[in-house]
Amino acid sequence: MAKSDDSSPLLPNQEQEAGIKDEKKVFAGGDQPRAAIPIGWTADGLPVGQMERTQWNSGIFSCLGRTDEFCSSDLEVCLLGSMAPCVLYGTNVERLGSSPGTFANHCMPYTGLYLFGNTFFGWNCLAPWFSYPIRTAIRRKFNLEGSCEALTRTCGCCGRCIEDEVQREQCETACDFATHVFCHACALCQEGREVRRRLPHPGFGAQPPVVLMIPPGGQTMGRAA
């Protein structure tokens, strides 16, 4: 009877029972098997369960932006990206992380790399190495769709060569770098339009200073002699 029970296809064998017990122990401790659950990115860039990524508010070649309430801001972003990319990059980082001195700490090094690259190499080839991490930070913070995911969604050419989420994120980071190298001004403008729609300027949220009105002390008037 023991042999017939073990050979019955309706009953789990010892290996299956051991696997079920191990899974129960894992779920009892509050953990979940990592291989069975795809990983996404939260607003803070932390890996969590499967999350649907959203698309960018505007395309990378939408230089003039969109015809909505941010159209004037989009025109300003376009002008800054064409004539003063260092200022646009600094404001993008300032909106993303509003710590004191964020604008100057990013605008000044970018300006130096921009001038050095244009002077000695004839084009802005050094600043993208410094500025591309901001695109990765924006994409992770707002859970945006990357270039690899966009290609997979449209033509399905990148999904087969990527095995897990770690490789996908590495591929997306490489695509962020390539976007800043080959389409630097367009990438900065797209990032500027995105953060201006999602995050207010740090200065707009600051509270006005409180002015304390201190009444003057008691005054005495002397009589004329």
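**Cysteine pairing and a helix contact**

Cysteine 171 is partly exposed, with a relative accessible area of 25%. In this predicted model, cysteine 171 is bonded to cysteine 148 through a disulfide, with 2.3 Å between the sulfur atoms. The structure holds 1 disulfide. The torsion about its S-S bond is about -60°, so the bridge between cysteine 148 and cysteine 171 is left-handed. Cysteine 148 belongs to helix α7 (residues 147-154) and cysteine 171 to helix α8 (residues 165-182), so the bond ties together parts that are 23 residues apart in sequence. Cysteine 148 has 1% relative accessibility and therefore counts as buried.

Further cysteines were examined for bonding. The cysteine sulfur closest to that of cysteine 175 is in cysteine 148, at 3.4 Å. A disulfide requires sulfur atoms within 2.5 Å, so the distance from cysteine 175 is too far for a bond. For cysteine 63, the closest cysteine sulfur is in cysteine 186, at 4.6 Å. This separation, too, is too far for a bond. Cysteine 63 is partly exposed, its relative accessible area being 35%.

The contact of two helices was also characterised. Helix α3 (residues 71-83) and helix α4 (residues 85-96) have axes that come within 5 Å. These axes cross at roughly 125°, and α3 and α4 are therefore oblique to each other. On the α3 side, the contact involves Val77, Leu80, Gly81 and Met83. Their partners in α4 are Pro85, Val87 and Leu88. By class, the contact of α3 with α4 has 6 nonpolar residues and 1 polar residue. No charged residues take part in this contact.

Note on methods: Residues are numbered from 1 along each chain as its sequence is written. This is a predicted model: local features need pLDDT of at least 70, side-chain atom pairs count only at pLDDT 80 or more; totals for chains, interfaces and linings use all residues. Side-chain values use heavy atoms; hydrogens and water are left out. Axes are lines fitted to C-alpha atoms, for helices over the stretch in contact, and angles run from 0 to 180 degrees between N-to-C directions. Helices (H or I, at least four residues) and strands (E, at least two) are DSSP runs, numbered from the N terminus. Angles under 35 degrees count as roughly parallel, over 145 as roughly antiparallel, 65 to 115 as roughly perpendicular and the rest as oblique. Contact means heavy atoms within 4.5 Å. Ala, Val, Leu, Ile, Met, Phe, Trp, Tyr, Cys and Pro count as nonpolar, Asp, Glu, Lys and Arg as charged, and the others, Gly among them, as polar. Buried means under 20% relative accessible area, exposed over 50%, partly exposed in between (1.4 Å probe, protein chains only).
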